[in-house]
Amino acid sequence: MHKSASIFLQSLKPRGYSTSATDKLVAAVLFERLPVVIPKLDPVVYAFQEFSLRWRQQYRRRYPDEVLGKSDARGKGDYQIDFEPAPRITEADKANDRKSLERALDRRLYLLLKGNPYGFSSDKSVWHFPEKVYECEETMRECAESALKSVLGDLSHTYFVGNAPMAHMAIQPTEESPTIAPFKRFFFKSQVIGTNRLKIGKCEDHVWVTKDELLEYFPEHVTFLNQMIIS
């Protein structure tokens, strides 16, 4: 389904490969939305917490209300709280709308674009992360910021995590791109802050996907992505 995506993440260079002065550098951005609701507990963790609670209740010391005082008595209040939490499953979840940030609220989401990343002919569109070829920026971090800004229009709702890249790949010619010159792609992490709506531009299409869904777009590079994205 997503064969074009696997073309984007090429195989790693063998050991001993060195970057020459003519090699291109590319800054790519792993742009993520953090969970907005608390993830559900693992059944094992939930069972342990229930056991711990019962154990503490069994052996805790109980005081009569006269000792605690009227103001400290528990379970004697005459108040009532009417509260209904918002549903965890949204309309975007039901419709499997991967263009929406209002889905998978208890998971991290990652932005993928469809277009023509560096190293591919203009007549082939593939899924890829936001990226930009390094030109005259002072740092690769600034190059990554420029890559994301070209897609979002501004960086007012973004936060870059650190100045150093989180991973890199050394790209070599392949059967799909035999004429490509060797280059290195550096990945920087950035996060969505303060909004659940972003206007994505300068691409043919875009999706917000969980880590498991992201791996579907790059099936040949599961190991690399699992090492880069820890969730």
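I began with Val126, which is buried with a relative accessible area of 0%. Buried means under 20% relative accessible area, exposed means over 50%, and partly exposed is in between (1.4 Å probe, protein chains only). Val126 sits in strand β3, residues 126-128. I also checked Val126 against Leu113: they are 13 residues apart in sequence and 8.1 Å apart in space, C-alpha to C-alpha.

Notes on the source: this is a predicted model, where local features need pLDDT of at least 70, side-chain atom pairs count only at pLDDT 80 or more, and totals for chains, interfaces and linings use all residues. Residues are numbered from 1 along each chain as its sequence is written, and side-chain values use heavy atoms, with hydrogens and water left out.

**Strand β7**

Helices (H or I, at least four residues) and strands (E, at least two) are DSSP runs, numbered from the N terminus. Two strands pair if DSSP finds at least two bridges between them. Which strands pair with β7? I found β1, parallel to β7 over 9 bridges, with Leu30 opposite Lys189 in β7. Next came β5 (residues 158-160), antiparallel over 3 bridges; there Tyr159 has Gln191 as its bridge partner in β7. Then β6, which runs antiparallel to β7 and is joined to it by 5 bridges; His168 is partnered by Phe186 in β7. I noted that 9 of the 10 residues of β7 are buried, so the strand is largely enclosed by the rest of the structure.

**Strand β8**

I moved on to β8 (residues 205-209), where 4 of the 5 residues are buried, so this strand is also largely enclosed by the rest of the structure. β8 pairs with β2 (residues 109-115) in the antiparallel sense over 5 bridges. Leu111 has Trp208 as its bridge partner in β8.

**The cores**

A nonpolar core is a set of buried Ala, Val, Leu, Ile, Met, Phe, Trp, Tyr and Cys residues joined through side-chain atoms within 4.5 Å. How many residues has the largest nonpolar core? I read off 24, and those with the most contacts inside it are Leu112, Phe129, Phe187, Leu214, Leu225 and Met228. Elements that each supply at least two residues of this core include β1, β7 and α6 (211-217). Apart from it lies another core of 21 residues, with Leu111 and Trp208 among them.

Most residues other than glycine have a negative phi. Ala104 is not a glycine, yet its phi is positive, about 45°. I found Ala104 in the loop between α4 (91-95) and β2, and at a relative accessible area of 12% it is buried. Lys202 also has a positive phi, near 55°. Is Lys202 buried or exposed? It is exposed, with a relative accessible area of 72%, and it lies in the loop between β7 and β8.

**Glu213**

Glu213 belongs to helix α6 and counts as buried at 12% relative accessibility. A polar atom of the Glu213 side chain lies 2.9 Å from the backbone nitrogen of Thr210.

Terms used: Polar contact = N/O pair within 3.5 Å; in protein donor to acceptor, adjacent residues only side chain to side chain.
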